[in-house]
Amino acid sequence: MVRFPYQSGQTKAQGAPEKLVDLPPRGGHSTRTIEFSPEGQLFVATGSTCNVCEETDERRAAVWVYDADGKNGRPYATGLRNAVGLEWFDGALWATNNGRDMLGDDLPPEGFYQLSDGGFYGWPYCYTVTAGQPQVWDKDFGQADPSVCEDATPAFALTTAHSAPLGMAFYTAQAFPEAYQGQMFAGLHGSWNRSQKSGYKVVSIDPASGEVQDFLTGFVQGNTVKGRPVDAAVAQDGALLVTDDGEGRVWRVAWVGRQQVSDSAAR
């Protein structure tokens, strides 16, 4: 991880990169997500090297916290196979997570988590099958004792297995209707090993109830993939921006209001 000097308005990095932290190289999941807390602490998510295994590097399948200068690193949340989405909202750190493969079309569901310092979230020994309910032991993997799942915090919300939730953002602007205020938006990148494709859309997740709803669809029609949502961001004007690495595009979703239908037109 490196940093560059920056001043507001710059469109190009200046100066040489300053290395802050050495992160695990390569591996089954190559992304590294960086997020700062409101207090200025640095959080870094690193995925696993495998589908399901016991990692030898404790930085893997975990979120670590550092000082802003990269010093004093330690584990913050563990047992997250691949937490690509990482955001602070309402005083808490939230994450998406990609579950393991090779258990059929419907196991395990993909999960969304509220993280806490020292929390354990199940992988590789357990997974959530019902949002908010105790995790179940992964008998196919069969390592450790099933009692390890008693300490695993479940996902607060779930979506279809293999749909690959990646980046996400909380809606903190005012341009969308009130129902969207404080909602989480997440990009579902899409399945690669499911008999019927899942994902390929943007969903909204209610952090209070765990309800998941479709928000932006149309990226897959039958077996034809037309786009793969990755991340979401709230623009200064209140629109939602969605990156799509299937088509190499950034989509802008804006609220334009409902058209009023006159009585005569309705007739």
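Mentor: A disulfide is taken here as a pair of cysteine sulfur atoms within 2.5 Å. The model is a predicted one.

Trainee: How far apart are the sulfur atoms of Cys50 and Cys53, which form a disulfide?

Mentor: The cut-off for a disulfide is a sulfur pair within 2.5 Å. Cys50 and Cys53 form such a pair, and the distance between their sulfur atoms is 2.0 Å.

Trainee: What is the handedness of the disulfide of Cys50 and Cys53?

Mentor: Both residues, Cys50 and Cys53, are buried. The torsion about their S-S bond is about -85 degrees, so the disulfide is left-handed.

Trainee: Which residue does a disulfide join to Cys126?

Mentor: The structure holds 2 disulfides. In the link that involves Cys126, the S to S distance is 2.2 Å, and the partner is Cys149.

Trainee: How many residues apart are Cys126 and Cys149?

Mentor: Cys126 sits in strand 11 (residues 126-127), while Cys149 is in the loop between strand 12 (136-137) and strand 13 (157-159). The pair therefore links distant parts of the chain, 23 residues apart.

Trainee: Is Cys149 buried or exposed?

Mentor: Buried means under 20% relative accessible area. Cys149 has a relative accessible area of 6%, so Cys149 is buried.

Trainee: Which strands each supply at least two residues of the lining of the largest pocket?

Mentor: The largest pocket has a volume of about 500 Å³. Its lining has 31 residues, and those nearest the centre are Asn82, Val84, Asn98, Ala164 and Leu166. The strands that each supply at least two lining residues are strand 3 (32-36), strand 7 (86-89), strand 14 (165-170) and strand 20 (229-234).

Trainee: How many residues in the lining of the largest pocket are polar?

Mentor: The lining of the largest pocket includes 9 nonpolar and 9 charged residues. The polar residues of this lining number 13.

Trainee: How many charged residues are in the lining of the second largest pocket?

Mentor: The second largest pocket has a volume of about 230 Å³. It is lined by 14 residues, with Glu55, Arg60, Thr78, Gly79 and Trp123 nearest its centre. Divided by class, the lining of the second largest pocket has 7 nonpolar residues, 2 polar and, as charged residues, 5.

Conventions:
Residues are numbered from 1 along each chain as its sequence is written. This is a predicted model: local features need pLDDT of at least 70, side-chain atom pairs count only at pLDDT 80 or more; totals for chains, interfaces and linings use all residues. Side-chain values use heavy atoms; hydrogens and water are left out. Buried means under 20% relative accessible area, exposed over 50%, partly exposed in between (1.4 Å probe, protein chains only). Helices (H or I, at least four residues) and strands (E, at least two) are DSSP runs, numbered from the N terminus. On a 1 Å grid over the protein atoms alone, a cavity is a set of points where a 1.4 Å probe fits but cannot get out, and a pocket is an open set with protein on both sides within 12 Å along at least five of seven lines; lining residues have an atom within 4 Å of a point. Grid points are joined across faces, edges and corners, and a volume is the space filled by probe spheres set on the points. Ala, Val, Leu, Ile, Met, Phe, Trp, Tyr, Cys and Pro count as nonpolar, Asp, Glu, Lys and Arg as charged, and the others, Gly among them, as polar.
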